Amino acid sequence: MSLPAAVSESETLLSIRNVAKQFGSTAVLRDISLDIAPAEFLTILGESGSGKTTLLRLLAGFAHPDRGEIWMAGQRLDTLLPNQRAVNTVFQNYALFPHLSVFENVAYGLRAKKVRSAEVRPRVEQALAQVRMSSFEQRRPSQLSGGQQQRVALARALINRPRLLLLDEPLSALDANLRREMQIELKSLQREVGISFVFVTHDQDEAMALSDRIALLRAGELEQVDTPRDIYNQPRTAYVAKFIGQTNLLRGRLESGIARCGPIEWPAEGPAGEAVFSIRPEAIRLAEADSSAVRFRARVCQQTFGGATDLLQVECGGLSLTVRVPSQGELGQEQVFGFLACNAVRVMEAGE
Amino acid sequence: MNESNPRVPRWLQIHALLVFAFLYLPIVALGVYSFNGESVGGFPPRGWTLRWYRMLAADDTLWATVGNSLLVAAAAVALALLLGFPAALALDRTSFPGKAVFRRLVLLPLILPGIITGLSLLILFVTAGLKLSLLTIALGHGTALMSVATTELFAGLQKLDRAQEEASLDLGASEWRTFWRVTVPNLKLSIIGAALLIFTLSMDEIAVSFFLIGRDNTLPLEIWSRLRRGITPEINAVSTVIFVFSLLMIVLWYRLRTRDQRQQPGLAAIASAGE
Amino acid sequence: MSETIYSRAYKLLVTAPPLAWVTVFLIAPYAFLFCFSLWTVESQTIVHRWNLNNYRQLIQNPVYLQVLLRSMRIAGMVTLISLSLSFPLAYFLSFYASARKELLYQLVIIPLWVSYLVRAYAWKTILGTDGVLNTLLMYTGVVNHPVSFLLYSPFAVVLTLTHIYTPFAFLPIYASLEHIPRNLMEASQDLGASRMRAFWTVIFPLALPGALAGATFAFVLSLGDFLSPLLIGGPSGIMISNVVVSLFGAAYNWPLGAAISLCMLLLVVLLLAASERIEKKLSFR
């Protein structure tokens with residue numbers, strides 16, 4: 001299944017075309033096609049084993065596609081060695097050079113290109129200032145905390161002015177608070193620097209917070225590539241609906257413009273036949289006298305307090321649903337719930 | 001999975017091959033010539049005979065020295081373990097003034113040329129009026145190989161789950177009991193490995209033994225004195241036998257060791273302990 | 001390393017025996033060595049008269065210095081060759097050998113523990129005028145008569161000692177290479193360095209402590225070696241330890257021998273200490 005990625009700008013920075021990769025007898029990536037725009041923050045989201053790290057390594061040059069091509073700015077990329085590409089990587093464990101100072105770590109790429117010493121110093125200072133690590137110039141990596149090492153790794157990569165920055169789960173080793181902080185920093189850094197970031201993670205909250213677009217990878221194939229809003233509100237498949245946020249998956253039939261799942265029906269468009277619908281818990285509310293809402297009566301099995309909202313487990317004619325409502329006192333046994341028909345998104349299941 | 005180096009530089013492969021050839025060809029040649037029909041090492045080897053091995057089997061003097069070596073090796077293993085185990089424990093669990101010096105002293109015989117260890121012990125024994133014999137050789141081996149025992153057992157202790165001992169103590173067991181019921185069983189592999197290694201090294205040991213020899217020879221010393229008198233092809237045979245024997249022991253030792261998953265050169269492990 | 005509280009008795013029990021043994025069998029002998037070096041020999045008996053004659057002899061008599069220098073030269077050559085052989089081998093094993101790494105590592109270790117004697121003797125049979133190498137050379141027509149300098153020469157000593165101590169040098173180099181995080185190579189290439197540059201600026205500096213340790217092992221052990229020179233060194237291959245051996249044997253001058261031994265001991269200890277210092281400085285953990 002190949003999904004051409006929609007790019008809003010006419011210019012494309014990076015083009016991955018029908019790329020496939022196998023390790024031994026395992027197909028890690030099958031037929032991936034994806035375009036990345038300039039100055040875009042794209043997240044490759046997926047579980048472990050989905051192939052996301054492999055895809056990143058293909059971009060960096062540490063692996064070669066078995067099939068397909070990668071193009072960047074009008075030139076073939078996948079035939080270039082890693083050190084020939086205008087692509088830089090922030091590694092998962094930062095991979096800072098333990099025997100070099102922070103200054104020399106950051107300067108490494110410049111020295112490799114034989115940049116003159118006179119020019120190196122100001123550039124390094126600027127790069128460090130950009131990540132707010134100026135006072136750590138002479139320290140060694142072993143003397144830095146995780147977050148500090150990460151910033152140095154960023155500076156080290158960005159100083160080379162790559163056209164594309166790859167980030168391999170860079171925040172996974174940080175604790176929750178630091179993670180949130182770094183997410184904000186990363187986002188503003190990307191805006192500031194103005195180049196494309198390709199960010200790999202398995203954390204969907206992170207993906208949604210940071211990205212201009214999310215590419216959800218599953219078992220070597222792209223399930224969906226969309227903006228966070230679109231991927232959340234309009235999931236294409238059941239997998240996407242479940243992976244991103246919580247959802248209710250209702251199985252039923254669609255016939256002559258009516259979708260029927262258990263006792264609930266509503267008007268829906270699309271080809272007739274078996275259908276699966278995704279309805280987000282927050283899309284279901286306690287029914288008001290709103291005529292356009294699809295109503296159904298359900299029994300409240302469980303009510304969990306969650307601060308601003310309550311999570312309800314309700315049961316309706318054999319269907320089990322999760323509903324998120326504004327926090328309120330304890331609800332009675334039976335309630336009437338409602339949702340707007342447009343919030344029931346028809347999704348594909350695997351094999352369709 | 002590392003694909004960033006898909007092509008191994010040719011020269012690196014060739015170099016590795018040549019080094020292995022350098023390390024093994026001489027020994028292999030020895031083995032080949034132990035079956036040589038002619039009595040000297042000409043090329044190419046002529047004939048094929050088991051004559052030298054038959055001579056070897058009938059050589060009573062040599063077998064007597066084998067017996068001596070076995071005695072000494074057994075004593076060396078006992079000594080080295082009895083001393084090395086406490087030493088490893090001490091390095092792993094205690095701190096006392098002079099610990100760093102102690103650590104270095106214990107490890108010194110590993111890297112010190114055998115002559116210095118041998119000579120200094122010789123002077124000790126002579127001053128103490130002890131007559132040179134298999135006993136003095138055993139004492140020498142014990143001293144020199146204690147460092148091997150310490151290294152091996154220390155590495156084993158480092159991998160040991162401390163929580164098990166703590167659990168044992170927490171449940172009311174004495175330290176003695178904890179030692180025998182928890183520590184030692186967990187270190188079984190390390191102990192056996194160390195014993196194997198020390199045994200093999202003792203059987204081969206010659207530098208230290210050279211100075212501590214009394215009336216009775218050990219196997220290596222017997223071979224040595226025959227070598228000084230001239231080459232006989234029988235020596236090819238005995239060398240091959242020794243090689244095969246040591247090979248088996250070391251492979252066995254290594255199998256035991258890697259059963260414990262991680263491999264870590266003992267010296268590096270100890271080096272980080274005293275600091 | 002977590003702290004577990006052990007009783008005083010436990011600690012005493014584990015420290016006392018090895019400490020006692022080390023005192024009796026390591027410290028005391030060295031002390032005696034020192035004492036002997038300050039005594040002298042008169043008419044075939046050792047006289048306990050304190051003097052510095054032995055040391056004076058060592059400094060004044062050029063023979064000893066000559067032998068020492070030759071020994072250091074031989075040890076130096078052995079070290080250099082061992083390093084050049086073992087470093088690329090260790091690099092190959094650590095970075096390229098993925099599937100066969102274990103097996104190859106075993107193969108390098110095995111010669112290390114297999115009888116010194118066997119290995120030295122093997123070279124004797126190979127290098128002699130009737131030996132394998134010579135007859136091979138004659139058989140293939142490379143030379144017309146046996147090459148005599150192969151055996152009983154410093155060359156033979158260097159060759160044999162290299163053969164024996166290369167695995168020794170290999171071990172610490174391999175260990176330090178194994179400690180290098182694999183993604184450092186990738187990181188340096190990602191930043192634009194060629195493979196060559198990546199090796200020299202990242203891998204090599206981090207492997208230096210191991211290389212230094214390996215060099216120290218090889219040098220120290222070669223310097224103190226007396227068996228190979230006796231077996232295959234001939235008169236021109238005599239090393240300092242052989243001098244000591246004869247002083248404790250036929251030449252019967254224990255005090256002088258002790259003096260030389262003590263100097264060797266001090267030299268070795270100094271080298272080890274210096275090496276450890278530098279290694280620590282070069283290590284970045």
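A residue is termed buried if 20 or more other C-beta atoms lie within 10 Å of its own, exposed if 12 or fewer do, and partly exposed in between, with the C-beta atoms placed from the backbone. The structure is a predicted model, in which local features need pLDDT of at least 70 and side-chain atom pairs count only at pLDDT 80 or more, whereas totals for chains, interfaces and linings use all residues. Residues are numbered from 1 along each chain as its sequence is written, and chains are lettered from A and ligands numbered from 1 in the order in which they are written.

Chain A has 8 helices and 20 strands, where helices (H or I, at least four residues) and strands (E, at least two) are DSSP runs numbered from the N terminus. The C-alpha trace of chain A spans about 75 × 45 × 40 Å along its principal axes, and 40% of the 352 residues in chain A are buried. Two residues are taken to be in contact if their C-beta atoms, placed from the backbone, lie within 7 Å; of the contacts in chain A between residues at least 6 apart in sequence, 64% join residues at least 24 apart. The domain assignment divides chain A into domain 1 (14–240) and domain 2 (248–347), the bounds being those of an automatic or database domain assignment. The centres of domain 1 and domain 2 of chain A, taken over C-alpha atoms, are separated by 40 Å, and 5 residues of domain 1 of chain A are in contact with 5 residues of domain 2 of chain A. On the side of domain 1 of chain A that touches domain 2, there are 2 nonpolar, 2 polar and 1 charged residues, with Ala, Val, Leu, Ile, Met, Phe, Trp, Tyr, Cys and Pro counted as nonpolar, Asp, Glu, Lys and Arg as charged, and the others, Gly among them, as polar.

Within chain A, strand β7 (164–168) is largely enclosed by the rest of the structure, because 5 of its 5 residues are buried. Leu164(A), Leu166(A) and Asp168(A) lie on one side of β7(A) and Leu165(A) and Leu167(A) on the other, so that both faces of the strand are covered. Two strands are regarded as paired if DSSP finds at least two bridges between them. β6(A) runs parallel to β7(A), to which 4 bridges join it, and β7(A) also pairs in the parallel sense with strand β8 (residues 196–201) of chain A over 5 bridges. Leu165(A) of β7(A) stands opposite Asn88(A), and in β8(A) the bridge partner of Leu165(A) is Phe197(A).

The loop between β7(A) and α5 (176–193) of chain A contains Ala173(A), which is partly exposed, with 15 other C-beta atoms within 10 Å. When residues up to four places away in sequence are not counted, Ala173(A) touches Asn93(A) and Gly146(A). The C-alpha atoms of Ala173(A) and Gly147(A) are separated by 8.9 Å, although these residues are 26 residues apart along the chain.

Helix α3 (residues 117–130) of chain A has 14 residues and reaches 20 Å from its first C-alpha to its last, close to the 20 Å expected at 1.5 Å a residue, the expected span being 1.5 Å times one less than the number of residues. Val124(A), Ala127(A) and Leu128(A) are buried in α3(A); seen down the helix axis, the buried residues fall within an arc of 95° and therefore line one face of the helix, the arc being that of the directions from the helix axis to the C-beta atoms. The cover over these buried residues includes α2 and α4 (146–158) of chain A, while the face turned away from the buried side carries the exposed residues Ala118(A), Glu119(A), Pro122(A), Gln126(A) and Ala129(A). Just after α3(A), Arg132(A) takes a positive phi of about 60°.

Chain B has 13 helices and 0 strands, and 45% of its 275 residues are buried. Among contacts in chain B between residues at least 6 apart in sequence, 78% join residues at least 24 apart. In chain C, the 29 residues of helix α12 (residues 254–282) should span 42 Å at 1.5 Å a residue, and the end C-alpha atoms are 41 Å apart, which agrees. The buried residues of α12(C) include Trp254(C), Leu262(C) and Val268(C).
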